[in-house]
Amino acid sequence: MKKTLFIFIWLAALHPSVSRAQRNGSELLPAGRMSWPLMVSVQFHSLALPVGNIRPAFANPGLALGTEYRYNRRGNLLQSIQAGYYRNRYAGDGLFIVTQAGYRPHFGPVYADLKAGVGWNYTFHPNTTLVLKEGQWQPAGRTGKGLLMVPLGLSIGYNGPSLVAPFVGYQFFALAGYNPSVPVVPNQLLQVGAHIHFNY
Amino acid sequence: MKSFLALGGLLAFTLACEPLDQNVATAICQEATPLNASYSKAQPIQQLLDRYTRAGIPGVAVAVYTPQEGYWAGASGYANLETKTPMQVCHLQYGQSVAKTYTAVAILKLAEAGKIDLNAPISRYLSPGIRAKITDADKITVRMLLTHTSGIADYTDNAEFVASLLQNPLKSYTSEELLAYVAKQPLLFPSGSYSRYANTNYLLLALIADQVQGDHARLIQQSILEPLGLQQTFYHNSATYLNQPTLVDSYFDRFGNGKLENITQMQRVNVGSMNGDDGIIASPTDYVKFLRGLNEGQLVSAQSLKEMTTWVNDRDGQPAYGMGLEYARLSGHVGYGHGGAGIGAGCGLYYFPARQLYVFIGINLGVLTGGPYVEKAGNLSDELIDLLLK
């Protein structure tokens with residue numbers, strides 16, 4: 001909990017305009033109305049079925065950055081784009097870029113996101129690999145494979161007077177093309193982060 | 001600025017972690033079984049093995065036996081690719097599901113001793129905790145487990161298990177944890193109607209033997225390995241039995257793109273977690289000696305052997321499985337024995353009665369998943385059988 005609090009404070013201090021906004025929050029547009037916020041999140045990954053065992057995920061941290069475009073003035077239809085990296089010592093690290101369409105109902109200052117989309121995930125080998133070249137087995141590093149990523153996410157956030165709107169999210173995603181005989185593998189990401197709205 | 005530095009630092013931390021190195025050195029060894037150096041098919045077999053290891057099979061070892069020509073064994077490629085340790089005929093190979101034949105023999109020994117009734121429900125022999133996890137445990141018989149006709153689902157088919165295995169490659173599972181993946185699940189088909197392979201059946205047989213005899217591994221040791229003098233066969237005889245210096249390293253084509261990972265530690269933990277359905281390692285000649293011993297009446301009675309080789313049909317009405325033995329029709333010849341497929345190895349142990357031929361082939365590449373070399377492993381096995389049965 002202390003860690004989460006620290007992350008939120010740290011995120012709030014990220015940008016001078018945010019600090020200003022905290023001082024003059026009432027003069028600013030509500031965060032929910034603006035497109036192109038900076039989305040920053042810390043995430044935890046595991047290869048698991050949806051809402052499977054989440055405990056191993058906390059050993060596999062990562063970061064993601066993104067932004068979103070709101071299709072309407074109410075800000076409840078949106079398109080996000082996010083790029084991230086997670087470390088997974090046993091199942092392989094992942095580097096991804098994903099875009100998702102989302103529906104965001106608001107309940108006062110609290111909002112929920114339901115998102116789905118498509119992306120690309122470069123999954124690394126967890127171990128160094130060997131390849132056969134000119135009749136000899138040679139080290140080939142941990143280079144992996146690019147896989148189609150199909151995410152489905154849920155998150156809950158808070159749009160307060162600050163330009164920093166924290167959220168927590170759960171992202172399930174299937175990776176297609178893992179292996180010819182294991183065509184799809186399930187994955188999950190737990191995300192904690194914030195939408196940071198700049199005072200343009 | 002400080003915040004961006006902190007962000008960069010965190011990113012660098014996540015990127016800087018060491019990869020998981022699972023390489024375990026494999027020692028060189030000396031084959032104890034006298035081999036026929038002038039075996040008539042030695043040269044074409046060796047050429048075949050060499051051709052496939054040049055094409056990407058990491059390492060392969062073969063042992064054959066016929067009454068006319070005795071034992072011969074050959075190997076090619078590497079037991080450990082990183083250290084370039086050559087594969088030798090004496091290296092220990094993973095038997096994977098070949099362990100089921102050993103388990104079946106152990107159960108039939110208990111049946112011969114009157115300690116188990118093959119037609120009794122398994123609920124009679126399982127502990128209450130295990131019994132409660134199995135649907136219709138009072139209707140499924142020991143025989144149904146042996147012939148894969150119980151209808152119980154295979155825990156290795158469970159998506160949650162597969163995901164857990166990939167996420168936790170060094171996790172050791174207890175038998176109870178493995179059974180939990182299929183606990184209380186409905187049967188896949190009415191018990192006794194046909195044969196459908198499921199590792200869970202043989203895991204349950206191991207638990208039955210544990211319950212009846214105390215320790216199924218000791219039973220296998222005393223009723224199979226010791227009578228046959230199989231000194232290069234190891235099955236759960238100690239907590240560290242897989243740390244044999246001459247056990248091959250294991251490779252896995254995770255993405256099916258020809259890039260191999262050394263997953264030796266994962267393979268060892270995985271194999272060490274399995275009881276009854278897997279868990280055995282042996283030298284190629286020891287595997288052949290075991291199947292010979294079984295066929296030649298050194299392990300079970302003629303009646304029990306007859307039961308083991310009475311084939312039960314699969315869903316398509318084709319003969320599929322006896323008791324711990326698979327029916328095989330290869331290159332137009334009928335044989336029986338067992339195949340083995342693991343995440344880091346593959347093998348086959350078969351007997352072809354018409355030629356009185358025994359053969360074992362072991363490959364240190366995982367064949368459970370797909371990939372170019374996995375496909376080649378299948379082709380190698382087929383070509384070897386063709387060559388031997390010509």
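This is a predicted model: local features need pLDDT of at least 70, side-chain atom pairs count only at pLDDT 80 or more; totals for chains, interfaces and linings use all residues.
View 1. Over all chains, the count comes to one disulfide. The bond is formed by B:C29 and B:C90, whose sulfur atoms are 2.1 Å apart. The link of B:C29 and B:C90 is right-handed, with 90° about the S-S bond.

**View 2. Distant parts of chain B joined by B:C29 and B:C90.** B:C29 belongs to the loop between helix 1 (2-15) and helix 2 (42-54) of chain B. B:C90 is placed in the loop between strand 3 (85-86) and strand 4 (93-94) of that chain. The two cysteines are 61 residues apart. B:C29 has a relative accessible area of 18% and is therefore buried. B:C90 likewise counts as buried, at 6% relative accessibility.

**View 3. The cysteine B:C347, which is in no disulfide.** The nearest cysteine sulfur to B:C347 is that of B:C29, 17 Å away. A disulfide requires sulfur atoms within 2.5 Å. B:C347 is buried, its relative accessible area being 12%.

View 4. With a relative accessible area of 12%, A:G66 is buried. When neighbours within four places in sequence are left aside, A:G66 is in contact with A:P37, A:L38, A:M39, A:I81 and A:Q82. A:V98 is 32 residues from A:G66 along the chain, and the C-alpha atoms of these two residues are separated by 9.3 Å.

Key:
Residues are numbered from 1 along each chain as its sequence is written. Chains are lettered from A and ligands numbered from 1 in the order in which they are written. Side-chain values use heavy atoms; hydrogens and water are left out. Helices (H or I, at least four residues) and strands (E, at least two) are DSSP runs, numbered from the N terminus. Buried means under 20% relative accessible area, exposed over 50%, partly exposed in between (1.4 Å probe, protein chains only). Contact means heavy atoms within 4.5 Å.
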